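Hello,

Here is the structure I promised to pass on. Please open it first, then read my notes below.

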Amino acid sequence: MKYLIVGTGGVGGSIAGFLSKAGKEVECIARGEHLEAIRRDGLVLQSDLMNETLVAKIPAYSEEEYMREIKKRPMAARPDVIFISVKGYSLEEIAPMLDHFSKPGTLCIPILNGYGIGPRLQNLVEEATVIDGLIYLVAYIESPGHVRQVGRVFNIIYGSRPHQRIPASRLEQIAMDLRQASLKVEVSDDINRDTFIKWGFISAMSCTGAYFDCPMGPIQKQGPERQLFTGLCRESYALGVKLGIHMPADYMIHNLSVIDHLDPDVTASMQKDISRHHASEIDGQLFALAELGHEMGVDMSTYDKVCEKFKNLR
């Protein structure tokens, strides 16, 4: 199968690098100096999971270049799977391109930090089929063309919504390729649940790190950082229950386990963006969750505390 990665940052670059190393056919879309470095020197992926630094010669394009390139190809040469790993605030920008990139049967899998991304993106495109996905991974662009993947956690979960009726064999075919690339993969039986669980986790992690301007280390031991993290998790759990999501009984244990297995020096991407005064995903990871909680009548006092600190970023 042919893969296209839209957004070749930490997440997209890691997926592209692992697929390329396994001999899969993969192309990527990137921007600016990062794009130029990939084209010139290849995608450099320094991976803790692989215990090596990989240089992957992956065809790389800007959005406009790929649009022109894809028009030259026969329909069969278009991608079978498109992994979308842009920031949440860029969805509306990249959505119109997906129909141009796709062919009948192409599956678009958004790997973003949010909830309801699949339906939201599907409403913005006409031809492409958008399912839902999420990832547990710490990775970032270290320098143009150079992606750093940290730690031993690299788990991809994706699945279709019940009404989409996508054959299980189609989803398993993708999973087989990813597993051959040494990635841990799960085809979800309830992707609505799984994307909400990830949203709650990444929100608590990012908001705690940003609130205290700290890496993961202080959250991994008893103290005000861990108390804030658990308070946020309790409120997202209560919201999930109110929404009718089948929340797992070990939700808190799972979230703490993930936090405790991260490199103590790691910081969340939202936190990095805020500290650098860049555009961030704070609307989706903080304010949207807090507002939905209030709409559902959930006590969001911990979220309100964080919202108050960052109200100037709305």
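Of the 314 residues of the chain, 57% are buried (under 20% relative accessible area with a 1.4 Å probe, counting protein chains only; exposed is over 50%, partly exposed in between). Keep in mind that this is a predicted model: local features need pLDDT of at least 70, side-chain atom pairs count only at pLDDT 80 or more, and totals for chains, interfaces and linings use all residues. Residues are numbered from 1 along each chain as its sequence is written, and side-chain values use heavy atoms, without hydrogens or water.

Now the overall form. A compact globule of 314 residues would have a radius of gyration near 20 Å, and the chain agrees with 19 Å (taken over C-alpha atoms; the rule is 2.2 Å times the number of residues to the power 0.38). Along the principal axes, the C-alpha atoms fill a box of roughly 55 × 40 × 35 Å.

Next, the secondary structure. The chain has twelve helices and eleven strands (DSSP runs numbered from the N terminus: H or I of at least four residues for helices, E of at least two for strands).

Six strands form an open sheet in the order S5-S2-S1-S6-S7-S8, with parallel pairing (strands pair if DSSP finds at least two bridges between them). Strands S5 (60-61) and S8 (129-130) stand at the edges with a single partner strand each, so one side of each has no neighbour in the sheet.

Look also at S6 (residues 81-84) and S7 (residues 107-110). They pair in the parallel sense over four bridges. Ile-84 stands opposite Pro-110 in S7.

Best wishes
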